[in-house]
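Biologist: I'm new to this one. Could you pick a single part and walk me through its surroundings?

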Amino acid sequence: MVSTKKEDQVGLCQLAQLTDIDLSNNLLAGSIPACLNHIQRSRMAGNCFQNNDTMNRADWQCGNSTDAGKDNNSIGEDGQRGRVIQPLWLLIVEVVTGVSVLSILTLCAIAGLRRRKDRSSGRGVPWTRALSWKENNVISIDDDLLANVPKISRQELAEACEDFSNIIGSSHETVVYKGTMKDGREIAVVSMSAPVHYWTNYVELYFQKEVVEVARLSHENAAKMVGYCKSSDPFSRMVVFEYPPNGTLYEHLHDVEGCQLSWPRRMKIALSIARVLRYLHTELQPPFAMAALASSSIYLTEDFSPKIIDFERWRGLVGKPLLSSGCVVNGGGGHSNGVVDSRHVRFMDVQANTFAFGVILLELISGRASLSKDTDDLLEWARKHLEQPGEFGKLVDPKLKSVGQESLGIICNVVNLCIDAEPSRRPSMNMIGAILEEGVDTSVRDSSLAWAEAAIS
């Protein structure tokens, strides 16, 4: 570059051979020097010049750049440069945003500290309101929801169950203890195996609703709920049932040596189970369905009267807090995966109970377990005989000494109805109970030998 070295020309104007320069899209202010008039105006666009023949920036972008450009020479002597002043509205937005973010962070920090303090002190989240992750809304917990259900202290249960050492059943989700109350009642205590941080307000709400749901059952063949236990230190949730002392139907059919259950006694048990299911499904509103109906969930009293206890209901509460995206039912192939319309869930559970009742009837007449490592699957084995009335006798437990043939035929026909692969074709327990009460009672009454055996039993 060749300089003219003229004293009256400074900066770029000293460059005699300067023919082109691109100064566009800056924040240059002031007037364009005369020595640069030969430069194309497009090379000067996007600035804050005072000249009107250039394509300048908008006034709000330039701000006070023009005024600052006038004083650039004097400011430059002090080694400072002109700056663009921000619009007022932009400054307000930045201040409001900053204050909002700071407030949110402060509230989150306070909430986190409170929650940490509650956990460290062994207390759960207060049971006043619960956030439903399923419905994404706030649900209120009524403090009086369990007002009509007896509350039993943890200390009282510890004394009844020998300091919780008398365990009669356990799983990953629950532990079942056996105990004796001070008044002599034998009880089964189901304790939820869940830490306090798992037990959210939503789970607590569901637990309370299930307690109320089970407490409303009032039938001679449904084990009575004695009460519940709710403790914070140590954290525990328990439900207490009366405990029939004579073991389960499964044990008497498959584990006990000899034949303690005669044919009339088995028919009496079948009728009693049908009656309690009819009560649960048709007489209660809304209907009540067992979470898992099986011979292992049917307990027997000293006189072999059956009483159902739904322990699986409480395992489900801890194992899959409700309300997963899928529904599992016990019947007709066993499973229904994926999202299930809530309007049909109760119907599916009731129909699953009907299917399970058919399996229990098969266990009663055959003496075989539904699943066993020593024998074939009960349903697969039985279906080929159920298809032919002439082969009903092949289903009978060989340990039985006498069988009412008419009642056997009625039982087998009912089994066929219960285990229909299409749930909607399975009859209601109201109809099934009526069939059994009419048919089985008549066949037993006509057989003096059967009545004699029943009297001896």
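Modeller: Let's look at W314: setting aside neighbours within four places in sequence, W314 is in contact (heavy atoms within 4.5 Å) with T174, V190, M192, F207, E210, V211, V214, M225, V239 and F241. This is a predicted model, where local features need pLDDT of at least 70 and side-chain atom pairs count only at pLDDT 80 or more, while totals for chains, interfaces and linings use all residues. Residues are numbered from 1 along each chain as its sequence is written, and side-chain values use heavy atoms, with hydrogens and water left out.

Two of those contacts, T174 and M192, are bridge partners. They belong to strands β6 (residues 174–180) and β7, which pair in the antiparallel sense over 7 bridges. Strands here are DSSP runs of E, at least two residues long, and helices are runs of H or I, at least four, both numbered from the N terminus; two strands pair if DSSP finds at least two bridges between them. The two form a hairpin with 5 residues between them, and G184 in the turn has a positive phi of about 95°. β7 (residues 186–192) has 6 of its 7 residues buried, meaning under 20% relative accessible area with a 1.4 Å probe, protein chains only. β7 also pairs with β9 (residues 235–242), antiparallel over 5 bridges, with V189 facing V240 as bridge partner.

W314 is also among the residues with the most contacts inside the largest nonpolar core, which has 79 residues. Such a core is a set of buried Ala, Val, Leu, Ile, Met, Phe, Trp, Tyr and Cys residues joined through side-chain atoms within 4.5 Å. Helix α8 (residues 263–283) gives the largest share, 11 residues.

Note on methods:
Buried < 20%, exposed > 50% of the residue type's maximum accessible area, 1.4 Å probe, protein only.
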